[in-house]
Amino acid sequence: MGLLSLSADPEGYGLWEQPAEKAGMLLSLRMLGQFGAVNAGVAFAWHRIALAAYVARQLRLPLNADAPLAATLVPTGHLGLARTSLARWLTGQPPSDEDSALLADWLNRREHDTVLYAPAAWESVLLPVWDQHTIAWRRVNRSDWQVTNCARAHGFDELAAFRLREPPASAAPIVSVPGDPRALFTRVLKMDMLGLMAIGGGALARAQTMATDYAAVRRQGGKLIAAHAAVQQLLTDIESARLRVDQALGSFGLALDEVDLGAVAASRIDVHKHLCHAANQAVQVHGGIGYMRDLGVEKILRDQNMLRLQAGGIHDARQFVAGWKGASA
Amino acid sequence: MNHPAHLQGHLPATHPLSPRHRYAQFPWAARMMSDYAASDLWETDTRRLPAALARIRRRARHFAEQHLRPLAAEADLAPHLPPGECSPSLQRLLAEAGRDGWLSYFLPAPLGSMPWRALRHAPVWQSSLVIEEFSRVCGGLSLLLSAHHLGVMPLLLSGNPRTVLKYVAPIYRRCRAGDPHLVAFAITEPGAGSDVEDGHGAESYRPGVVSTPVDGGYLLNGRKIFISGGDLAQSVTVFAALQGEGMASWTCFYVDCNAPGFKLVRTELKMGMRASGAAELEFSNVFVPHDRIIGGLRNGWAINRATLNTSRIPVSAMALGMARAATEAAVEFAQQYQLGGRPLIDAQDVQLLLADMVAETRSLRSLIWQEARHAWRPRQLHAALCKFHATDRAQRVCEMAMDLMADHGGLHEQRVEKIFRDIRLTRIFEGTNQINRLSLVEDWQTQLLDPDTHSMRPGVSV
């Protein structure tokens, strides 16, 4: 249907194919919201696949025409967002020795494991690496690196979890960014963070429908639970979270380069907390049945937790925002 | 192994400007008020306990480390078994727990395994200590071993020595012999989760399990759902209305799971707590003789509420144990994980996060021990307060741990994702936390409506 970017055609209008245009951004965010409403795990996988294709196009790397869905992407280093150092580097602040050392370590795939959540059959992954004081990229074939299958993850049941480690003698070539590497990395982070929020917003919409529908039929104390203030509060929390997400995404519905990454990262901290809280409230509306896998609302909670933990998570995002505003370590 | 002398941003304890270093040089009288050894926090708390309870706490921790730890991940990841089946490793655990006295500690010897010296302290306190240790290692296994006590509690709360001797003593005897007889507590019915845990809801409750009088006893018909441990129980304390009556007629029946008409229908596939089954039970003309009516006809509602008051503080301890596990996992991660050549724990923002986690965890323990210490006759207000507050806050602690680990936090091997899934149930079972908040007010209303009667001075005391 053209929703996913499966070719190198620069005229395509699928997911993350035209983020430079406002319409392309809105289309991608709304698509991810729709996907997320159905299945956040699948939506996440498609989001990262589309990002991989976007980065490949920017790097002028050929897409794998035989298995376009088998290429994915990890947009960050091995943990968090490199405290304040990455943001300082992205904003062009003069990097201290400590910043350079931290970025080199953050993107060091040889000494640290990189966590990957992807379809079980993934074949290659695009990763940022630190090379000659800048961020370059590597496309790694699965067979070329040490890949450890992890036990079942917290959420994204449709995907599998892996630990990746670069072997001592890695053959994967480093690909320099044509043009400004800072600009490309900034764009990738923005798309990734916005995509995660959009998927979470869609999943929340689904949870809200489930909770509202349940509250309209389930009785307690002789009346529908929707008539109890305790449940009304839960439903209002969900509505409030949905509005926050809508407002946040609405404010970022611009051409990609008009969006400020620091603002996206700051917003993400707040948005993901509310998304998780709302998913918890949706489980709580259902009571005991909400805890059972048959229903599916608990999966939305687990997936919201997973979305919160991606792209460096929200703990280190506070340091990132501080760095974006000029703070040093 | 060489340990660094200090964390980044802090002076070493031996530095002249370290206050602890200087306390030791105070005059004797001042040292008596200031000098201290910075001992392990768990040890500090254990030493503050009465000796008998401190011994129980140490034994529980040892048992959990030795017998629960090796099974925790396996039990969580294992495929969902058909109802009634139990893996050999869990069977061995139950037998070992029984032999070690963890399934019979609500009565002293010769009937049970409670140490005589512990009798001086509220059993709820003892239970809370044990459950914290077990749930710290695995929430699901902790529930597997504690749901049994919930099942036995109505028999104890019958207050009838003959009931205790006739039913509880043999149950405890088999547990001590390593052939556990497990008991489940069955109140929840389809479409009536909260109605069975809240007085206001109970008023309009339409019975889902009904008892009909026949010669020599009663016939039970209906279904119970989400019964923790109902899949492995040999007997169940079942609460049922009398035919044609409502919740006020609720009566506790002690049902043998081998009785004709009793059926284990299914066990639920849950988000977490996967080592413990949540069973659906069906009763089709299950005959219960008169001598298996516990506490008398129409006393079931009160026994049910008293049972919940007894169990909600230990449920708080269950959440506490998991908050502690999340905090410990976060500390370990922060100590071991290196970013930029330094352990995470050197970072000030990480230290701030860990400080919040340990403060939350220890605040919960303070609350729980304060209430458990005095829970000889557990008051609904105190039990409900502990339950909703501790379980809500414990989940917050777990979220902090996951946030620290970022995308590593979703991996099963980091443990905190499982802790989150386990904790999540504690905010739902034994009454949702919304119902528990209302239970607090229900119990408090006497003072709220007429504060002068119960207080030395006008107004409501908190």
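Trainee: Which kind of interaction do the side chains of B:Glu132 and B:Arg365 meet in?

Mentor: The side chains of B:Glu132 and B:Arg365 form a salt bridge, with an N to O distance of 2.8 Å. The term denotes a side-chain nitrogen of Lys or Arg within 4 Å of a carboxyl oxygen of Asp or Glu. Please bear in mind that this is a predicted model, in which local features need pLDDT of at least 70 and side-chain atom pairs count only at pLDDT 80 or more, while totals for chains, interfaces and linings use all residues. Residues are numbered from 1 along each chain as its sequence is written, chains are lettered from A and ligands numbered from 1 in the order in which they are written, and side-chain values use heavy atoms, with hydrogens and water left out.

Trainee: Which domains does the assignment give for chain B?

Mentor: The assignment divides chain B into domain 1 (42-181), domain 2 (185-301) and domain 3 (304-447); such bounds come from an automatic or database domain assignment.

Trainee: How far apart do the C-alpha centres of domain 1 and domain 3 of chain B lie?

Mentor: Those centres of domain 1 and domain 3 of chain B are 21 Å apart. Domain 1 of chain B gives 35 residues to the contact and domain 3 of chain B gives 30, where contact means heavy atoms within 4.5 Å. About 2600 Å² is buried between domain 1 and domain 3 of chain B, 64% of it on carbon and sulfur atoms. Buried area here is the accessible area (1.4 Å probe) that two parts lose on being put together, summed over both.

Trainee: How many salt bridges does the rule find across that interface of domain 1 and domain 3 of chain B?

Mentor: The rule finds 7 salt bridges between domain 1 and domain 3 of chain B. It also finds 10 residue pairs in polar contact there, both at pLDDT 80 or more. A polar contact is a pair of N or O atoms within 3.5 Å; within protein, one must be able to donate a hydrogen and the other to accept it, and residues adjacent in sequence count only if both atoms are side-chain atoms.

Trainee: Which elements give two or more residues to the domain 1 side in chain B?

Mentor: On the side of domain 1 of chain B that touches domain 3, these are α3 (41-48), α4 (51-77), α6 (123-137) and α7 (139-157) of chain B. Helices (H or I, at least four residues) and strands (E, at least two) are DSSP runs, numbered from the N terminus. The largest share of this side of domain 1 of chain B, 11 residues, belongs to α6(B).

Trainee: Turning to the chain pair, how many residues of chain A are in contact with chain B?

Mentor: In chain A, 50 residues are in contact with 59 residues of chain B. Chain A and chain B bury about 4500 Å² between them, and 56% of this is on carbon and sulfur atoms. On the chain A side, A:Leu79, A:Tyr291 and A:His315 lose the most area to chain B, together 18% of what that side buries.

Trainee: And how many salt bridges are counted between chain A and chain B?

Mentor: The count between chain A and chain B is 4 salt bridges. In one salt bridge, the side chains of B:Glu413 and A:Arg163 meet at 2.5 Å, N to O. There are also 25 residue pairs in polar contact between chain A and chain B, both at pLDDT 80 or more.

Trainee: Now the backbone: what kind of peptide bond joins B:Ala109 and B:Pro110?

Mentor: A cis peptide bond joins B:Ala109 and B:Pro110, with omega about 10°. B:Pro110 sits in the loop between α5 (88-99) and α6 of chain B. In chain A, A:Trp16 has a positive phi, near 55°, and lies in the segment before α1 (22-38) of chain A.
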